[in-house]
Amino acid sequence: MEKYKSFFMPAAVVIGGGLIAFSIWSTGGLNIPVEKGLPAQVASKPELSPEVYQKFAKDMGLNISQFNDCVVQRKYKDKVENDLKEGARVGVDGTPGSFVNSQPIRGALPYAQIKSIIDVELASGNSVPLEGLSVTEKDHIRGNLNAQITLVEFSDFQCPFCRQFHSTVQQALSEYGDQVRWVYKHFPLDQIHPQARPAAEASECIAEQKGSEGFWQFTDAVFKFQES
(Lines give C-alpha, C1' and ligand atoms only; values in the text may rest on other atoms or scores of the structure.)
Protein backbone atom coordinates (compact mmCIF):
# COMPACT_ATOMS: atom_id res chain seq x y z
CA MET A 1 0.00 0.00 0.00
CA GLU A 2 1.27 3.44 -0.79
CA LYS A 3 2.35 5.43 2.24
CA TYR A 4 0.55 8.44 0.86
CA LYS A 5 -0.46 9.93 -2.42
CA SER A 6 1.43 12.79 -3.99
CA PHE A 7 -0.08 16.16 -3.32
CA PHE A 8 0.57 19.30 -5.31
CA MET A 9 -0.18 22.49 -3.45
CA PRO A 10 0.67 26.13 -4.11
CA ALA A 11 4.36 26.84 -4.12
CA ALA A 12 6.75 29.41 -5.47
CA VAL A 13 8.43 27.81 -8.45
CA VAL A 14 11.57 28.27 -10.47
CA ILE A 15 11.00 30.35 -13.60
CA GLY A 16 12.74 29.75 -16.89
CA GLY A 17 14.00 26.30 -15.94
CA GLY A 18 16.77 27.56 -13.67
CA LEU A 19 17.94 29.68 -10.80
CA ILE A 20 19.96 32.85 -11.09
CA ALA A 21 22.28 33.65 -8.20
CA PHE A 22 22.73 37.36 -7.59
CA SER A 23 26.33 38.45 -7.14
CA ILE A 24 25.24 41.43 -5.03
CA TRP A 25 22.41 42.14 -2.63
CA SER A 26 19.35 43.39 -4.41
CA THR A 27 18.18 46.64 -2.86
CA GLY A 28 15.73 47.93 -5.39
CA GLY A 29 18.36 49.88 -7.30
CA LEU A 30 19.66 51.66 -4.20
CA ASN A 31 23.36 51.83 -3.48
CA ILE A 32 24.47 50.43 -0.14
CA PRO A 33 26.24 53.12 1.89
CA VAL A 34 29.75 51.87 2.62
CA GLU A 35 29.81 53.26 6.13
CA LYS A 36 26.60 51.56 7.23
CA GLY A 37 26.03 48.74 4.80
CA LEU A 38 22.31 49.42 4.70
CA PRO A 39 20.16 51.41 2.29
CA ALA A 40 17.79 54.15 3.26
CA GLN A 41 14.19 53.01 3.54
CA VAL A 42 12.21 54.64 0.78
CA ALA A 43 9.34 52.17 0.39
CA SER A 44 5.85 53.50 0.87
CA LYS A 45 4.74 50.26 2.53
CA PRO A 46 6.51 47.74 4.76
CA GLU A 47 8.57 45.25 2.78
CA LEU A 48 11.60 43.11 3.41
CA SER A 49 14.84 45.05 3.16
CA PRO A 50 18.29 45.16 4.76
CA GLU A 51 17.00 47.90 7.06
CA VAL A 52 14.34 45.52 8.36
CA TYR A 53 16.97 42.85 9.06
CA GLN A 54 19.05 45.40 10.95
CA LYS A 55 16.03 46.32 13.07
CA PHE A 56 15.50 42.66 13.94
CA ALA A 57 19.18 42.41 14.85
CA LYS A 58 18.91 45.46 17.14
CA ASP A 59 15.78 44.07 18.77
CA MET A 60 17.65 40.83 19.47
CA GLY A 61 20.54 42.68 21.11
CA LEU A 62 23.20 41.89 18.52
CA ASN A 63 26.44 43.73 18.03
CA ILE A 64 25.22 45.83 15.12
CA SER A 65 28.66 46.72 13.80
CA GLN A 66 29.56 43.04 13.60
CA PHE A 67 26.22 42.22 12.02
CA ASN A 68 26.58 44.95 9.37
CA ASP A 69 30.11 43.84 8.52
CA CYS A 70 28.89 40.27 8.13
CA VAL A 71 26.07 41.41 5.84
CA VAL A 72 28.20 43.67 3.65
CA GLN A 73 30.96 41.09 3.28
CA ARG A 74 28.36 38.43 2.43
CA LYS A 75 30.15 36.13 4.82
CA TYR A 76 27.63 33.31 4.45
CA LYS A 77 26.90 33.49 0.75
CA ASP A 78 28.52 30.08 0.22
CA LYS A 79 26.39 28.45 2.90
CA VAL A 80 23.20 29.76 1.31
CA GLU A 81 24.35 28.71 -2.14
CA ASN A 82 25.31 25.23 -0.90
CA ASP A 83 21.82 24.75 0.56
CA LEU A 84 20.33 25.81 -2.76
CA LYS A 85 22.48 23.36 -4.69
CA GLU A 86 21.68 20.55 -2.27
CA GLY A 87 17.98 21.17 -2.73
CA ALA A 88 18.33 21.07 -6.50
CA ARG A 89 20.24 17.78 -6.27
CA VAL A 90 17.44 16.09 -4.33
CA GLY A 91 14.74 17.34 -6.68
CA VAL A 92 13.49 20.57 -5.10
CA ASP A 93 12.24 22.91 -7.82
CA GLY A 94 10.10 25.33 -5.85
CA THR A 95 9.30 26.49 -2.34
CA PRO A 96 8.46 25.20 0.09
CA GLY A 97 10.08 21.92 -0.90
CA SER A 98 10.23 19.48 1.98
CA PHE A 99 10.83 15.92 3.09
CA VAL A 100 9.38 13.96 5.98
CA ASN A 101 12.19 11.46 6.43
CA SER A 102 12.54 10.24 2.82
CA GLN A 103 9.02 11.19 1.75
CA PRO A 104 8.89 14.28 -0.53
CA ILE A 105 6.36 17.07 -0.01
CA ARG A 106 5.78 19.64 -2.72
CA GLY A 107 4.19 22.90 -1.73
CA ALA A 108 2.39 24.14 1.35
CA LEU A 109 0.29 21.12 2.27
CA PRO A 110 -2.39 21.72 4.91
CA TYR A 111 -1.73 20.41 8.39
CA ALA A 112 -4.07 17.41 8.11
CA GLN A 113 -2.01 16.00 5.24
CA ILE A 114 1.31 16.64 6.97
CA LYS A 115 -0.07 14.93 10.08
CA SER A 116 -1.11 11.90 8.01
CA ILE A 117 2.38 11.56 6.53
CA ILE A 118 4.02 11.88 9.95
CA ASP A 119 1.67 9.27 11.44
CA VAL A 120 2.51 6.78 8.69
CA GLU A 121 6.24 7.31 9.24
CA LEU A 122 5.90 6.91 13.00
CA ALA A 123 3.87 3.72 12.64
CA SER A 124 6.37 2.24 10.20
CA GLY A 125 9.34 2.92 12.44
CA ASN A 126 11.16 4.75 9.65
CA SER A 127 13.71 7.31 10.75
CA VAL A 128 16.07 7.67 7.78
CA PRO A 129 16.21 10.96 5.84
CA LEU A 130 16.29 10.92 2.05
CA GLU A 131 19.52 9.53 0.61
CA GLY A 132 21.70 12.41 -0.49
CA LEU A 133 20.10 14.82 1.98
CA SER A 134 22.61 15.97 4.58
CA VAL A 135 21.58 16.78 8.15
CA THR A 136 24.43 17.77 10.48
CA GLU A 137 25.01 19.79 13.62
CA LYS A 138 25.77 22.76 11.35
CA ASP A 139 22.17 22.85 10.14
CA HIS A 140 19.42 24.89 11.82
CA ILE A 141 17.40 22.32 13.73
CA ARG A 142 14.35 22.97 15.86
CA GLY A 143 13.08 20.23 18.16
CA ASN A 144 14.60 17.01 19.46
CA LEU A 145 17.92 16.37 17.71
CA ASN A 146 17.33 12.61 17.98
CA ALA A 147 13.69 12.59 16.84
CA GLN A 148 12.39 9.73 14.71
CA ILE A 149 10.83 12.13 12.23
CA THR A 150 13.09 14.54 10.36
CA LEU A 151 11.26 17.25 8.45
CA VAL A 152 13.69 19.04 6.15
CA GLU A 153 12.33 22.20 4.56
CA PHE A 154 13.95 24.12 1.71
CA SER A 155 12.47 27.57 2.10
CA ASP A 156 12.53 31.15 0.84
CA PHE A 157 12.04 34.06 3.25
CA GLN A 158 10.05 36.04 0.70
CA CYS A 159 7.74 33.20 -0.33
CA PRO A 160 4.12 33.57 0.87
CA PHE A 161 3.56 29.81 0.70
CA CYS A 162 6.63 29.28 2.89
CA ARG A 163 5.07 31.62 5.45
CA GLN A 164 1.94 29.48 5.38
CA PHE A 165 3.92 26.25 5.70
CA HIS A 166 5.99 27.73 8.53
CA SER A 167 2.88 27.85 10.71
CA THR A 168 1.98 24.32 9.68
CA VAL A 169 5.32 22.89 10.81
CA GLN A 170 5.13 24.88 14.05
CA GLN A 171 1.82 23.15 14.69
CA ALA A 172 3.40 19.75 14.01
CA LEU A 173 6.20 20.39 16.49
CA SER A 174 3.67 21.52 19.06
CA GLU A 175 1.61 18.34 18.66
CA TYR A 176 4.37 15.76 18.26
CA GLY A 177 6.96 17.19 20.62
CA ASP A 178 10.16 15.14 20.78
CA GLN A 179 9.07 12.90 17.91
CA VAL A 180 9.81 15.51 15.24
CA ARG A 181 12.80 17.67 14.39
CA TRP A 182 12.59 20.49 11.85
CA VAL A 183 15.59 21.29 9.65
CA TYR A 184 15.61 24.60 7.75
CA LYS A 185 17.63 24.99 4.55
CA HIS A 186 17.79 27.99 2.23
CA PHE A 187 16.32 27.90 -1.27
CA PRO A 188 16.06 31.52 -2.46
CA LEU A 189 14.20 31.97 -5.73
CA ASP A 190 16.15 34.98 -6.96
CA GLN A 191 14.18 35.51 -10.14
CA ILE A 192 10.92 36.23 -8.34
CA HIS A 193 12.02 37.03 -4.76
CA PRO A 194 14.91 39.52 -4.83
CA GLN A 195 15.06 39.79 -1.04
CA ALA A 196 15.12 36.03 -0.38
CA ARG A 197 18.88 35.65 -0.66
CA PRO A 198 19.71 38.82 1.32
CA ALA A 199 17.35 37.65 4.08
CA ALA A 200 18.96 34.20 4.06
CA GLU A 201 22.43 35.69 4.40
CA ALA A 202 21.23 38.03 7.14
CA SER A 203 19.77 35.06 9.04
CA GLU A 204 23.20 33.43 9.08
CA CYS A 205 24.75 36.64 10.38
CA ILE A 206 22.16 36.54 13.16
CA ALA A 207 23.08 32.92 13.90
CA GLU A 208 26.76 33.85 14.05
CA GLN A 209 26.05 35.82 17.21
CA LYS A 210 22.90 34.19 18.59
CA GLY A 211 23.24 30.59 17.46
CA SER A 212 20.38 28.39 16.32
CA GLU A 213 17.95 29.99 18.75
CA GLY A 214 18.65 33.38 17.20
CA PHE A 215 18.24 31.98 13.70
CA TRP A 216 14.78 30.63 14.51
CA GLN A 217 13.82 33.86 16.27
CA PHE A 218 14.76 35.76 13.13
CA THR A 219 12.89 33.27 10.93
CA ASP A 220 9.72 33.61 12.99
CA ALA A 221 10.02 37.40 12.86
CA VAL A 222 10.47 37.52 9.08
CA PHE A 223 7.42 35.39 8.38
CA LYS A 224 5.36 37.33 10.89
CA PHE A 225 6.51 40.55 9.18
CA GLN A 226 5.31 39.12 5.86
CA GLU A 227 1.79 39.01 7.24
CA SER A 228 1.78 42.78 7.58
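The secondary structure of the chain comprises six helices and seven strands, where helices (H or I, at least four residues) and strands (E, at least two) are DSSP runs numbered from the N terminus. The model is a predicted one, in which local features require pLDDT of at least 70 and side-chain atom pairs count only at pLDDT 80 or more, whereas totals for chains, interfaces and linings use all residues. Residues are numbered from 1 along each chain as its sequence is written, and side-chain values use heavy atoms, with hydrogens and water left out. Read from the N terminus, the elements follow the order β-α-α-α-β-β-β-α-β-β-α-β-α.

Of the 228 residues of the chain, 47% count as buried, that is, under 20% relative accessible area with a 1.4 Å probe, protein chains only. The accessible surface comes to about 11,000 Å², of which carbon and sulfur atoms account for 51%, as computed by the Shrake-Rupley method with a 1.4 Å probe. Among contacts (heavy atoms within 4.5 Å) between residues at least 6 apart in sequence, 80% join residues at least 24 apart.

Two helices were examined for their packing against helix α6 (residues 196–227). Helix α2 (residues 64–73) packs against α6 at an angle of about 140°, with the axes 9 Å apart; axes are lines fitted to C-alpha atoms, for helices over the stretch in contact, and angles run from 0 to 180 degrees between N-to-C directions. This angle makes α2 oblique to α6, the class left over once angles under 35 degrees are taken as roughly parallel, over 145 as roughly antiparallel and 65 to 115 as roughly perpendicular. The contact is formed by Gln-66, Phe-67, Cys-70 and Val-71 of α2 together with Ala-202, Cys-205, Ile-206, Glu-208 and Gln-209 of α6, and these residues divide into six nonpolar, two polar and one charged. Here Ala, Val, Leu, Ile, Met, Phe, Trp, Tyr, Cys and Pro count as nonpolar, Asp, Glu, Lys and Arg as charged, and the others, Gly among them, as polar.

Helix α3 (residues 77–89) packs against α6 at an angle of about 120°, with the axes 9 Å apart, and is therefore oblique to α6. Lys-77, Lys-79, Val-80, Glu-81 and Leu-84 of α3 meet Arg-197, Ala-200, Glu-201 and Glu-204 of α6, a contact whose residues divide into three nonpolar, no polar and six charged.

Among the strands, β3 (residues 97–100) contains Ser-98, which is buried, with a relative accessible area of 1%. Leaving aside residues up to four places away in sequence, Ser-98 touches Gln-103, Pro-104, Ile-105, Leu-151, Val-152, Glu-153 and Phe-165.

Notes: Buried means under 20% relative accessible area, exposed over 50%, partly exposed in between (1.4 Å probe, protein chains only).
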